[in-house]
Every structure is written in C-alpha cells, then in structure tokens.
Amino acid sequence: MMEKKLNRRNFIKSSAVAGGAFVLSFSMPWGNKLMAEPAKVHEMNAFLKIAKDGTITIMAKNPEIGQGVKTSLPMIIAEELCADWRKINVVQADLDSKYGPQGAGGSTAINRHWKPLRKVGATAREMLLEAAAKKWGIDKKLCYAESGTIKNKKNRKKLSFGELAETAAQVPVPKDPALKPDKDFNLVGSFKTGVDNHDLVQGKVTYGLDAQPKNMVYAMIERSPVFGGTVASYNDAEAKKVKGVLNIIAIKEGTTTQSVAIIAKNTWAAIKARKVLQVKWDTKGNEKHSSESYDKAFKAAVAKDNKNLRNDGDVDKAFKEATKVLEATYEVPFATHAPMEPMNCTVLVTKDRCEIWAPTQSPGRAASIAKKITGLKAAQIQVHMLRSGGGFGRRSNGDFVKETVYLANELKQPVKLVWTREDDNRFGFYRPASMHKVKAALNKEGKLSAWKIQCAGASVAKFFSPKLAPHRFDIYPDNFPAQFIPNFQMQYTAVDTYMPLWFWRAPGHNTTAFVDQSFLDELAHAAKKDPLKFRLELLGSNSKDYQYKGHGGPTFNNARLRGVLELAAKKAGWGKKMPKGSAQGIAVHFTFGTYTALVADVSVDKEGYVKVHKVVAAVDCGKVVNMSGAKAQIEGGIIDGLSTMMNAEITLKNGAVQQSNFHDYKLLRIKDAPDVEVHFVKSDKDPQGLGEMSLPPLAPAVGNAIFAATGKRVRKLPLKDMKV
C-alpha cells in the first residue's frame, strides 16, 4: 500500500548518504500490523504471543508520545512472565476494546497498569508452568520459570517458552495467578533502552506524518484568525488556479461554515493556495479580547474576596496577630504545547469503514468522533496509533481528528490534514493564564501562621462544561502548604476568556508550584531562615498521610515530601559556597502521586542574563519500572520547564494570537540546557507516573536561585530572553 516518494525525510537521508555520513534506510512499512512475526504463533492472551522459536510478542497498548510506555508497560508483563528481554518483540497495538482503556495523559499509564499487566504476565507464566508439568508428568510445583524457560527442580531439565507455547495455549486460564515477590524482580528497576531507540536514530519509526495510504490527498485549513469567528463568505477563484489544487471544501457545523479547506496533491500546493484564498470572517466582535483586557480582569478578580475553595482557621485574626505580613502577586501567561511534530491526521472513509492514522493521545476519542461524523458503527472504525513527535497534552484533544474525518467523509478517499507550525501556535488549545495574590503571616518565632491566596484565571474546566467545578484542573486546595498551617484560605475566580483551553503538561501544577514554592522562599528570607530548613520545619518530623482530593490522591505523605527535599539538598551540596553572582534555589512539589524536589545552580551576569548550570532532582515515585525511561522523563520535564520559564508566552491582540513560529515562541536552545542529575528514592511502594513531575518545581527552584544571587524576585513568567 505504501508508495515510495522522495519526501522531506527521504531527502534528508539521501543527503546524508551522499555526504558520506552513514546509510539510513526508510522502507519501514507504516501501520501497526505485526511485522516479521514468526510462523506458528500461539496467543496466550490479548497482550502476549509466543512463537515456536521462543520469540515473544508483547502488544504495547497505549500511545507512545515519548514518555516511554512502549518499553515500560511491556517490561511489567515480561517481568511476571520471567521472559528473556532479548527475545521480546514489542508491537504497537491499534485501538481495541480487548486492551481496556488506551490513552496517554495525566502520567497515569504506569500506576493504572502496574497490577493488571502483572496479572497478564503471571497468567501466561502459570499456563507455561502447567504445560511443562503436563509434558514431564510431574506436579506443577516442581517447575519454575526463568529467563524464557521452564525448569524442572528435580533434574534441572528445561523447556523453552517456544517449545511449550502450543500446549500452554490449550490449558485452562488461571483465575488468580500469584504475583512475583519484589525480591525476584529482574527487569523492573533495571535500565532498558527504549524498544524503538535503534529505529528512531535510523529514521525508521513511523510518525503520524509518515502515514501514506494509496491515493491519498493533502489538506490544509484556513481558520478564523480571531477566536470564535466563522466564515461570512469566501472567494476561491485564485486558489483553484494553483497547480495541484484539487478541491476547496467549506467545513460546516450545522448551518455555519467554520473554516475552509484546501485539498491538493501535496502540501506545497495547499500552502500556496491558502495564501490566495479570500475569506471574509464574521468575528462576532471578539476583536475586543486581548492580553491587556484579560490582565485587567485578573487584577480586578484578585482585588476582592471571592468564593472560598478552602477556609481553615481564621486568617484575618492571624494576620492581626502576626509579627510580619508579606504580600505578593504572581502571574503566569497562556502557553502553547509546541510539539515538534505539527498536528496531523490521515483518514479514509468509505461506505462501510473508517480508518484513522493519527499521532493521538486519545484514540478512543478519535473513534467516537469518527462514529458521530460518519454514522458508522464502532466495529467499522479502526484507529492506528502512530508514534507522536511530542504531545504534552495537545494530542489528547480531538479537533485535528474531527477536521480530517469531516474531509475524508466528504471526499471518500484518504486525506491527510497537516497543520503548519504557525497553525499550531495560532489555533491551538492553550495552558490558561492566571494571576495569584498571596498574603502570609509569620509569628514572632518566624513560623508561618497564616496563608491566604486569591487566584483568578482562565478555567480549563469551565471551557469544557458549566457543570464542572471551575477550579478543577487549575488549582488544588489540598496542595502543600495547606493542612500544615492552622489558618489557610484559598479563593478562586474563573475569568471568562475566548481562548481555547486544554491540558498542558502537569495541568494546574505547572502554575501552583511556581506560586507556592516561590512565596515560601520569600517567607523563608523574611523569617531570616534557610529556605530548606524553613520547608522542613513546616513539614514536621513525623510521618503522616494528608488528604489529597485531586488527581494523585487520596493522600500524600509529608515524610516522603521531606525525603526528596533532603536527598536533593544532599546530592546538590546545598549551602555550598558559590561564586559571586551565583546561588542555589530549591523547590519541592507533589504532582499526580509523585514527590519531586529540585535544586538549581544558577548565575546571573551583570546584564541580567540567567544561566542555569545544573539541576539536581530527587524523586520518590515508588518503585521505578525502567530506570532509563524514568530518568529521561525527569530530564525532559526539567528542560521543558526551563524552556517555558524563559520564553514561553502566548499573547492576544485584537482577538488573535500574536506569536507564529519558533522565532517568537522560543524553545530552549541546546547551549542553554543545564546539566541534570537525577536521584530516585528507593521504595517498595507501587510505582507512579513520571511524565510531568519535574516540570512544576523547576521555575520556583530557578527563580529562588535568581533571588539568592541578585535579590531580584521572579513573580511573573516568562523571564523573556533569559533575562531578569
């Protein structure tokens, strides 16, 4: 089905060969069919197949967006199976109900699948043991599994999984197989490189943009520059003259035309045609919206008392009795996800089937969208989960799938929709901007006695539905230091905006950690206490589970929070002598079940330019499944957090986004990346996720270091061009 053409990726590889660098091939079949699967494969369950030659195929159920689940989830199955990892072949699954929920988001893959996937592996192991016992005519208790074989305890004879697969597939499936004790783990906790790494560096991995079914055409869409606008009229005469243009399609929702799509033989023709397409927009007066108007609304909201989300003790009384009262306002802007692979989707719709190839975090949402648009049944819709070039939450939205299915349904031939980088930045779904007015009191011992925070911002929950609590995805009332202070009050106001909003890496936490941990630092300095000791004093020396009603709950533990603080401080040499203009900053945060503390070594030159030299991370996520992937996730979150802190800002003027490409929405350059050192707390707790956990404490750790080095407090993000 695949047609070989000289595309951008092939061209790059061809150039590399011509330059004498190294040879790369690009002939990988796209799609998700089992490739090079040996003959006579026996299916042990939905996730697991064993061939006669001992090759084991494990299906990767969740989308891989760089978070490493294509390796770590199969490792859990292989551990319980007692498989030889060298004989494991991991294959990306399509969407199928037999795998249960399939999606990527909220750093949930590991903690939700830890026990179920262990059962999958243990079930197959028990069936292989039963098969061996049957062949040898002995009691199953005299058999044990080890490194891809079943061994006989009495005579040390062994049979490979391949030799037993056929018999094993026919024995009864055990209802509740025993799980291995932790002490017997060989794979869990080890360092395994990603199963796709070799193919990644050779350009063999199939990304969403690589999907290329036969007779495919390309689409690009002209959207309203002002959010909420619709098409009043359009003239496509000049666009149709562009060579390669096949069709112009108005995308309707009900009786309203939302946007206009160019259908062409290639993306270049579509881009050229879009430039000469003439569209008059009904912007519905939304030009009045701007960053300035939102900023005024935020300020007005935090200037007055609003609805309490939490109200412990009596903050007003505590403020009157305080020795010292501090007040500050923190601001966080809108931000876009900016995945390196722009949004795209490929869809074929016929009268009796719909096939979707998408780099999506939510294949189930993609199928639901297709069902609604095409009227087909769920069984007639197939979703192939192609690898994503970054997600960060953006690809959990279904907007790009919806557009493509609409066009494919109109055309009844394969359509690939491609967003340009400018489309991504101007028509995305954004991290909400917000403002936080914080006031706190210190008593005569320099201890924190009261905390009042008034938050106002665009609400992700309100963007979804008026039925949801507006603060649900943006503010967490149980976050530290709540519950550690006798008098604590939190208020929240959802400010109406016309910005499309969505989940952005570590939703809510990416903002609250900056505010809470920066202001705690201010209080520590005001109390003339070391910032680390100030936090440890607040956390106490006991061990207690505190309630946590948000994602990651139902509780969090102060001793584990304290543990990562102490470990990060120890590994970073907290308190060491630093050169003039340099200092360390510290921050800690509980995100979605994982505890992370960071210490940043920072210098600021005479012109105010900030250089982050090193970041030391201490992480308590329970057991670590794959050390390689875990370390990469923490490192990635730190780099992403620093990138966002330094430059990431989406602004609105006359109802339209002002940024377009990476020249005005800058990501961190390689030369500005710090050394990162990661330490995991050894734990017997069940594993938690790691995809988002190191990002929230990055900005406060760096900001606190900047204050220690210069006396300048960072209260508004981003720094812009890495300068204070």
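This is a predicted model: local features need pLDDT of at least 70, side-chain atom pairs count only at pLDDT 80 or more; totals for chains, interfaces and linings use all residues.
Residues are numbered from 1 along each chain as its sequence is written. Local features need pLDDT of at least 70 and side-chain atom pairs count only at pLDDT 80 or more, while totals for chains, interfaces and linings use all residues; side-chain values use heavy atoms, with hydrogens and water left out.

**Stop 1: the cores.** Select Leu448, Trp451, Phe519, Leu523, Val602, Phe680 and Val702, the residues with the most contacts inside the largest nonpolar core, which has 86 residues. Such a core is a set of buried Ala, Val, Leu, Ile, Met, Phe, Trp, Tyr and Cys residues joined through side-chain atoms within 4.5 Å. Buried means under 20% relative accessible area with a 1.4 Å probe, counting protein chains only. A second, separate core has 49 residues, including Cys82 and Tyr99.

**Stop 2: Arg421.** Next, find helix H12 (residues 421-426), where Arg421 lies; helices are DSSP runs of H or I, at least four residues, numbered from the N terminus. Is Arg421 buried or exposed? Arg421 counts as buried because its relative accessibility is 12%. Show its side chain: a polar atom there lies 2.7 Å from the backbone oxygen of Pro339, and the side chain also reaches the backbone oxygen of Met340 at 2.6 Å.

**Stop 3: the largest cavity.** Finally, select Pro432, Phe473, Asp474, Gly508 and Thr511, which lie nearest the centre of the largest cavity among its 21 lining residues. On a 1 Å grid over the protein atoms alone, a cavity is a set of points where a 1.4 Å probe fits but cannot get out, and lining residues have an atom within 4 Å of a point.

Notes. Buried means under 20% relative accessible area, exposed over 50%, partly exposed in between (1.4 Å probe, protein chains only). Helices (H or I, at least four residues) and strands (E, at least two) are DSSP runs, numbered from the N terminus. A polar contact is a pair of N or O atoms within 3.5 Å; within protein, one must be able to donate a hydrogen and the other to accept it, and residues adjacent in sequence count only if both atoms are side-chain atoms. On a 1 Å grid over the protein atoms alone, a cavity is a set of points where a 1.4 Å probe fits but cannot get out, and a pocket is an open set with protein on both sides within 12 Å along at least five of seven lines; lining residues have an atom within 4 Å of a point.
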